[in-house]
Every structure is written in structure tokens, then in C-alpha cells.
Amino acid sequence: MLMAITRFSYSTILALLYLSLLHLVTSFPSSNGQIDYNYNYNYYDSSCPRLGMIVKYGVWAAFKNDTRIAASLLRLHFHDCFVNGCDASVLLDDTINFRGEKNALPNRNSARGYEVIESIKADVEKACPSTVSCVDILALAARESVLLSGGPYYPLSLGGLDGLTASEKAANEQLPSPFEPLENITAKFASKGLDIKDVVVLSGAHTIGFAQCFSFKRRLFDFKGTGKPDPTLDSSAVANLQGTCPNKDASNSKLAPLDSASTYRFDNAYYVNLVNRTGLLESDQALMGDSKTAAMVTAYSSNSYLFSADFASSMVKMSNLGILTGSNGQIRKKCGSVN
């Protein structure tokens, strides 16, 4: 254990101490930029003391039946926060007034876990009616998914409200694509107040989960019109993936693990894969094509403790994006529809 501790840098230890003490001293800005002193780590301690256990059991029950669900819930949380802030808009069904995010290109036939959040919400409503927002349940479920997979704990501020609308157009425009160049992805992160380090760290969530063949198949057969595989992808990986995803439309929805080394374990093997040129998505392997991001990838590939600490920090940042408070939101009774 002592040897493990010595692998932390002094700045990393300070960062961990900062995270552990943050709830004692920090308040958070709402979506209108005003400080909301009611948004905090202990928000539901009195009004819904069993919340943590209800979410934990709900995620565990789903995970027991489907180990893929951990990655799906984490992705659902990311896709929520990245589109106009964390407001549970990704959970809303289409209405006559708006086309929601569920059918946006990055989510259609891809995003999963809606029914898990809705089930947890129903259990929470029985215990604490009209008290806990869907956005907080989704954030807690994502953290529980990370923990169940062996990843780090990170503190979550609670008390945010659910949004009143959703936008398919915003989801199509704002969510990063696996086909985009790194500079485009970095720009999208920057527009949210996230930096290039957050790009590298949050990409590490691809240590768990799967991707459909259509999202990476062009790397295997005709990369950028060359008629050849992507030269940045290891040849043995190409051969294996071609067997999983043959060059036929019928294979588009087939699945391949984002991290074949440890598909269901949250660890730093994702970065080892990138160093070894076996990253699955084009956007992931692109992290090795830039000297600054490549240096971070190399550091995380050799230091799992550093990755865990930085992942926790970046998740705290992402989970606080565009939080709604006051009259800007509501506590939905069901996550799929506005009250």
C-alpha cells in the first residue's frame, strides 16, 4: 500500500484532499450564474435519507442481469450533461412541443438505461414523493456504475432540478462523434468549460462498455477512401475486428468491446490499448496523434492511481455543468415526461 501511495504526485494528493473537503466550503453556480447555497453534497440527508441505498440497489439489480448497463448509465449521464447542461433532458420522450434527445443520431438505437432510471425513480417516489430530481438520480446511478465496475468514488453535489424541455438538434450538434477529429472534440469540450485534460480523462470511461460496428468499421476496410485499414490501428487488431464486423451492412449493429483487455472492469487498460495502437474508436486512438494528449495517455497507461484521481476530478466538473435551480426547473414525477 505504501508503494502505491508514493506513486501519487504531491499535486494529486492535494487534489484528493481538496475533493474530500469541497463540500465543507463550496457552493455552486446555477444555470443563470447565480450562487445557489442549497445545492450541496448533503442535500437529501433529511428529506430522503434512503436515497443512496435505493439507487445502489437499483443499479446493482440491473447490473446483475446485464453487466453492460454500467457503461450505458455512465454514457447516459455524459450525454445528458453535455447537451445544455445536466438537466435530465436526455430522459424526456418526444412531445407535440419538442423533439427530444432520445432519437438524436448519437442516441438513437444506442443510448440505454432509460428503464433503469425510471425504475429507480419509481422506488424513490414511493419513499420520498416529489423530492428527488431525475438529474440527481441519473448522476448517482452513473457514479454507482463506476463503483460497481471497480472505479473511483467521487463526491456529487445534489439538489439540481429537471429541465422542462429537450432538443434533438442540440444533441446532434453538441455531442462529440467518434468520427470527428480531435480538434473538433476538444472545441466541444471547451464550449462546456472543460479542457483538453478532461477530454483525455473522460475518454477513459471507454474502459468499460461496447461500441456498435458502424461506429468504427471504416477503420477496418476503407479508411478515408484509401481502400485500406486505418494505419494507426494494429494489424492484428484489424484482423480480429474484421472477423467480428465483416464488411456488410448486416454487421453494423454488432458489438465489440471498447476495451477488450478488461471489458467490464474500470481500470487504465484503455490507455494501455491506445499506446499499443489497439484503441477501438478513431476518436480514441487520435489521442496518440497529438503530443500533449499522447503524453497524458502514456502517463495514465502506467499509473492507474493517477487516472482514478483525475477521473474523479473531471467527473465532478462534468456533473456540475448547467445545473438548474429555482424556477428554471422542476422535480419530475416520472423521468420521461415533464409534470
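A disulfide here is a pair of cysteine sulfur atoms within 2.5 Å. This is a predicted model, where local features need pLDDT of at least 70 and side-chain atom pairs count only at pLDDT 80 or more, while totals for chains, interfaces and linings use all residues. Residues are numbered from 1 along each chain as its sequence is written, and side-chain values use heavy atoms, with hydrogens and water left out.

**View A. The Cys-134 to Cys-335 disulfide.** The S to S distance is 2.1 Å. The torsion about this S-S bond is about -95 degrees, so the disulfide is left-handed. It's a link between distant parts of the chain, 201 residues apart: Cys-134 sits in helix H6 (residues 134–148), and Cys-335 in the segment after helix H15 (304–319). Helices are DSSP runs of H or I with at least four residues, strands are E runs of at least two, and both are numbered from the N terminus. Cys-134 is buried at 0% relative accessibility, and Cys-335 is buried too, at 1%. (Buried means under 20% relative accessible area, exposed over 50%, partly exposed in between, with a 1.4 Å probe and protein chains only.)

**View B. The Cys-213 to Cys-245 disulfide.** Here the sulfur atoms are 1.9 Å apart. With -65 degrees about the S-S bond, this link is left-handed. Cys-213 lies in the loop between strand S3 (210–212) and helix H10 (218–221), and Cys-245 in the loop between helix H11 (235–244) and strand S4 (255–257). Both cysteines are buried.

**View C. The Cys-81 to Cys-86 disulfide.** Its S to S distance is 2.0 Å. The S-S torsion is about 115 degrees, so this disulfide is right-handed. Cys-81 is buried, with a relative accessible area of 1%, and Cys-86 is buried with 1%.
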